[in-house]
Amino acid sequence: MITLALSKGRIFEETLPLLAAAGITVLEDPEKSRKLILPTNQPDVRVVLVRATDVPTYVEYGGADLGVTGKDTLIEHGGTGIYQPLDLRIARCRVSVAVRADFDYAQAVRQGARLKVATKYTTIAREFFAAKGVHVDMVKLYGSMELAPLTGLADAIVDLVSTGNTLKANQLVEVERIMDISARLVVNQAALKLKQAPLRRIMDAFASAVNAAE
Ligand code: PRT
Ligand code: MG
């Protein structure tokens, strides 16, 4: 049995075409079913639905043989003990710094002010501001980062941006782009040895589909 960990939403949706390229069809719609284990047209392949941030953990400890996860999530997890063979180029976005439109970020940085930063991405944010020599007080959040500068919880947020519509709707402006993000295929290292043939077949099909999509 091959177990693939996916999260509901964009990761699931954007992985479907790659699965199709490997001849795999998921037989149930996660938006309609309450099941967490979804069968596929291949009796020896199943999909497990986990929280996006839990995908690396499932793959690391062998709860799943492989998974699809954003580079953001992978960096925050640490990526230890996980094989990362392929950039799938799906679920693309960027990690950026955003502030209220009336906050002078450039001046705060220039003056060496301590910056209060709210984010779910504390590892990425810490590294970024350390490299800039900016002192930060980090506030860890698990969602709705956009609210933090509007309520005085923070001066700035570090969050994912795709179209920029969410920032705009909350009167925030993107002031720095930290890194580009896309989803990666992650594979359990022991599984790669024990189930080499079926995993290679899926990895190769994904790789061809990614190259064809270029
Ligand atoms: O939502 P939930 O709390 O269950 O978990 P999650 O947010 O970790 O999962 P999900 O499915 O939202 O995101 C999974 C992965 O998709 C992320 O780890 C990213 O690698 C990738 N991805 C790509 C995105 C986006 N684009 C994205 N736009 N993840 C989140 N967003 C959010 C962003 O946080 C912000 O709130 O969308 C909003 C911004 O979008 P725009 O288009 O308005 O700029
Ligand atoms: Mg989300």
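Where in the chain is the place of Ala91?

Reply: Ala91 sits in the loop between S5 and S6. The model is a predicted one, in which local features need pLDDT of at least 70 and side-chain atom pairs count only at pLDDT 80 or more, while totals for chains, interfaces and linings use all residues. Residues are numbered from 1 along each chain as its sequence is written, and chains are lettered from A and ligands numbered from 1 in the order in which they are written. Helices (H or I, at least four residues) and strands (E, at least two) are DSSP runs, numbered from the N terminus.

Ala91 is not a glycine, yet has a positive phi of about 50 degrees. Most residues other than glycine have a negative phi. Ala91 counts as buried because 25 other C-beta atoms lie within 10 Å. The classes are buried for 20 or more other C-beta atoms within 10 Å of the residue's own, exposed for 12 or fewer, and partly exposed in between, with C-beta atoms placed from the backbone.

Arg89 also has its place in the loop between strand S5 (82-87) and S6. Its phi is positive too, near 60 degrees, and Arg89 is not a glycine either. Arg89 has 15 C-beta neighbours inside 10 Å and therefore counts as partly exposed.

Two strands are said to pair if DSSP finds at least two bridges between them. Cys93 stands opposite Ile181 in S10. These strands belong to an open sheet of five with the order S8-S7-S9-S6-S10 and mixed pairing. Strands S8 (136-140) and S10 (172-181) are at the edges with a single partner strand each, so one side of each has no neighbour in the sheet. On average, neighbouring strands of this sheet are turned by 30 degrees against each other, direction ignored.

Helix H5 (residues 122-132) lies across S6, S7 (115-119), S8, S9 (156-161) and S10, and runs at about 170 degrees to S8. Angles run from 0 to 180 degrees between N-to-C directions, and axes are lines fitted to C-alpha atoms, for helices over the stretch in contact.

Beyond S8 is Leu141, in the loop between S8 and helix H6 (147-151). Leu141 has 18 C-beta neighbours inside 10 Å and so counts as partly exposed. Not counting residues up to four places away in sequence, Leu141 touches Ala118, Thr119, Lys120 and Ala148. Two residues are in contact if their C-beta atoms, placed from the backbone, lie within 7 Å.

Cys93 leads on to ligand 1. Of the 23 residues around ligand 1, Cys93 is among those that come nearest, with Ala52, Gly70, Thr163 and Thr166. A residue is near a molecule or strand if its C-beta atom, placed from the backbone, lies within 6 Å of it. At least two residues of this shell come from each of H1 (10-21), H3 (71-77), S9 and H7 (165-169). S9 gives the largest share, three residues. The shell divides into eight nonpolar, eleven polar and four charged residues. Here Ala, Val, Leu, Ile, Met, Phe, Trp, Tyr, Cys and Pro count as nonpolar, Asp, Glu, Lys and Arg as charged, and the others, Gly among them, as polar.

H1 also packs on another helix. The axes of H1 and H9 (residues 196-212) come within 8 Å and cross at roughly 115 degrees. Pro17, Leu18 and Ala21 in H1 meet Ala205, Phe206, Ser208 and Ala209 in H9. The residues of this contact are six nonpolar, one polar and no charged.

Elsewhere, S1 (residues 2-6) runs parallel to S3 (residues 45-49), joined by five bridges, and Ala5 stands opposite Val48 in S3. S2 (residues 37-39) runs antiparallel to S3 over three bridges, and a hairpin of five residues joins S2 to S3.

For the whole chain, there are nine helices and eleven strands. Buried residues such as Ala91 make up 31% of the 214 residues.
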